[in-house]
Amino acid sequence: MSTPAYLDHAATTAIRPEVIEAIAAQMGHLGNASSLHTAGRAARRVVEESRELIADRLGATPSEVVFTSGGTEADNLAVLGAWRQRHTVDPARSRLLVSTIEHHAVLDPVGRLVDAEGAKVDWLEVDRAGVVDAEAAAAAITQAADQLALVSMMWANNEVGTLQPVAQVAAAARERGVPFHTDAVQAVGHVPVAFGECGADLLSLSGHKIGGPQGVGALLVRRDVQLTPLTFGGGQERQLRSGTLDVASIRGLAVAVAAATDELDAERARLIALRDKLIQGALQLGLGIELSGAHTEGSAEDRLPGNVHLRVPGCDGDSLLYLLDAAGVQCSTGSACQAGVPQPSHVLLAMGYADEQARGALRLTLGHTSTEADVDAVIAALPGAVERARRAHQATAGRG
Amino acid sequence: MRVVAAMSGGVDSAVAAARMLDAGHDVVGVHLALSQSAATLRESARGCCTIEDAGDARRVADRLGIPFYVWDMAERFKQDVVEDFVAEYAAGRTPNPCLRCNERIKFAALLDKALALGFDAVATGHYAQIVDGPHGRELHRAVDAAKDQSYVLGVLDAEQLARSFFPLGDTTKPQIRQEAAERGFSVAKKPDSHDICFIADGDTAGWLAGRLGAQPGPIVDETGEVVGEHEGSFAYTVGQRRGLGLKVPRPDGAKRYVTSVDPQRNTVVVGTADLLGVDRVVGDHLRWCGPAPAGTVRLGAQLRAHGEELPATVRVDGDRVVAELDRRTRGVAAGQSIVLYDGSRVVGSATITAATRVGVTTQ
């Protein structure tokens, strides 16, 4: 078998060589960014230059960048921090307005607030294409404006790749004085993201989705937004995120953000072409495969440039994964496991698919190291994998 | 060969997977998620199929460098094993869910899925041996008599055996533990699982009561006199002595045992030990591990998982089997499996429908 084809860039993508170099160089330097002596100042300078670089590329001001351990922590800080702050100041504000297709890094802290702290949640539904209706969102905001503590809607969905109407929903929230958070983990570096312009108050991003290191990310926090911290201690990061700063990772994050945004236009066009080739190739196999989510050929207006999400009727996603992996194609079902057991995707269920339709899902995601050969490998491997997976599905179907 | 190693997370299946890999096979580890609530943590050394067991299995697979998957068979397990178990008890019988699981899940649903995916066979950590002999691929007892699990495999037919590997059958348990330690497996000292995997605390009667509800009724002696009461006849097994709570002692003070369970009348019958004697066992649901015996043959009969093997004269009569035991044994309940042996070779099995002694029927 030749080199395996990696089509799981939405899970994590290859770290960029310049990032490795920057991290390795920084790790050789002594210094706590909070110390006042020479070594501390040198570390702090790296952190602040990284902050400035990220702010510049994402249309934010440096003081709006709060470093975290990744996208999940950024989402948790946004959801828990904003709700607790607003609810404390104004106990009438106990509600959250959240889309049904959020990542679990948003859904689970929301669930925690509902279960343990008396929060109530209103859901922003999506259509069959996996997109939130901006007008319905605006109406929902207007209706509950005085009780809402936070609106959270992702920029781009991690499973089906659909882009959401962030600017419209952010504007509606702004008009009613409700903080708006967007999980942009899948968007940053892949589609243009400008924090100041988009109208969001809080925006999450992650390093390893754009060729940066794992274990680092950031929450962009508008200067006038108050959050209740999750961690307490040394008061780093505007008192929002205590803990010694991971200088090398922060440096790596900044280098990755710069590289991804520098090459965004060219890379977006390249990935759209690969994506469309993969979609077309898969749908033309005559296997009954269907594409999930919005798609306009040649465009990344409604779908991420690197996302392909297929539903294969009559299969279990985990059988497909095994067979494709054995055939040298690494991809994902896109949805979470519980104790290793794949669960039907909450995103597909929210889009109106039945449990059975949601089981044979395949997420194939492209990134900066993807080539045409990767796409060809998938198309070549799919027929055999689908045929076997269907037989396996029949073999294990319960009585009935 | 391309082989699925069924990995429970225990020490035996870990070594079995490693041995298959050593033998040159292309091995993929598969953990079966059988519990309806797979996310629970292990509550004791018992039970299995918790998130920790899946994690233990994954650690071993990672160490061996083999792919590892969790296959969700909870619904099939519930239908074919758990619900069957409840229904059998409700009908006054005493089933062995391990045989059922081997027949319907491990060497059926799991094996079928593996074959459909392009695998050639399934390997497990059962203590039993497969020997190529005059009857084809024969199932034999393990060399470690204390660990021998051929009894619970007595439901496998020739086709299933042709697709199965039991790499531990030639080794004793202490040696397997030592081998696991030498291989650096984190599960080398993990306690064995016991009893019924889906009843984590081992309280079968309590678990059944939760499913079937309390159904109070009388406990009577062999003359029909009420000598106690029970919370559900399903919780009693022929041969049981403990936990009867009898209120009326026998005048002679002799110990009493459950001699029969009548779910229709919700009545438990008790009597003295001599009433438990059985010398004729009839079974149906015949499963032959190779050619079915013809006519009347002399075989060994084992009536419970770690019971002794009893010499018997066995006659296959259509879709049932009759075993005349050379010497009387005690406490045989309908629903148990009778597994037949020719020397160390497993001939086949049946589910006991009636156990009788001269002049008396206990079911």
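Biologist: In β14(A), which residue is the bridge partner of A:V308?

Modeller: Heads-up: this is a predicted model, where local features need pLDDT of at least 70, side-chain atom pairs count only at pLDDT 80 or more, and totals for chains, interfaces and linings use all residues. Residues are numbered from 1 along each chain as its sequence is written, chains are lettered from A and ligands numbered from 1 in the order in which they are written, and side-chain values use heavy atoms, leaving out hydrogens and water. Now find strand β10 (residues 307-311) of chain A, which runs antiparallel to β14(A) and is joined to that strand by five bridges. In β14(A), A:V308 is partnered by A:L364.

Biologist: Which strands stand at the edges of that sheet in chain A?

Modeller: Elements here are DSSP runs numbered from the N terminus: helices are H or I with at least four residues, strands are E with at least two. Two strands pair if DSSP finds at least two bridges between them, and here the open sheet has three strands in the order β9-β10-β14, with antiparallel pairing. The edge strands each have a single partner, so one side of each is left without a neighbour in the sheet, and they are β9 (290-291) and β14 (361-365) of chain A.

Biologist: Which residue takes a positive phi in the hairpin of β8(B) and β9(B)?

Modeller: Strand β8 (residues 217-220) and strand β9 (residues 226-230) of chain B run antiparallel and share four bridges. One bridge pair is B:V220 with B:V226. Between the strands sit five residues, and the one with a positive phi near 100° is B:G224.

Biologist: In β11(B), which residue is the bridge partner of B:I219?

Modeller: β8(B) also pairs with strand β11 (residues 267-272) of chain B; these two run parallel, with two bridges. For B:I219, the partner in β11(B) is B:V268.

Biologist: How many residue pairs are in polar contact between chain A and chain B?

Modeller: Contact means heavy atoms within 4.5 Å, and it involves 22 residues of chain A and 24 residues of chain B. The buried area (accessible area, 1.4 Å probe, that two parts lose on being put together, summed over both) is about 1,800 Å², with 56% from carbon and sulfur atoms. A polar contact is a pair of N or O atoms within 3.5 Å; within protein, one must be able to donate a hydrogen and the other to accept it, and residues adjacent in sequence count only if both atoms are side-chain atoms. With both residues at pLDDT 80 or more, the count of pairs is three.

Biologist: Which element gives the most to the side of chain A that touches chain B?

Modeller: There are zero salt bridges between chain A and chain B. On the chain A side, α10 (317-326), β13 (341-342) and α12 (372-396) each supply at least two residues. The top contributor, with seven residues, is α10(A).

Biologist: How many salt bridges join domain 1 and domain 3 of chain B?

Modeller: Domain bounds come from an automatic or database domain assignment, which puts domain 1 at 2-182 and domain 3 at 278-356 in chain B. Together these two domains bury about 1,900 Å², 50% of it on carbon and sulfur atoms. A salt bridge is a side-chain nitrogen of Lys or Arg within 4 Å of a carboxyl oxygen of Asp or Glu. Between domain 1 and domain 3 of chain B, the count is two.

Biologist: And how far apart are the closest N and O atoms of A:R16 and A:E263?

Modeller: Over all chains, the whole structure has 50 salt bridges. A:R16 lies in the loop between β1 (5-6) and α1 (17-27) of chain A, while A:E263 lies in the loop between α8 (247-262) and α9 (264-283), 247 residues apart. These two form a salt bridge, and their closest N and O atoms are separated by 3.0 Å.
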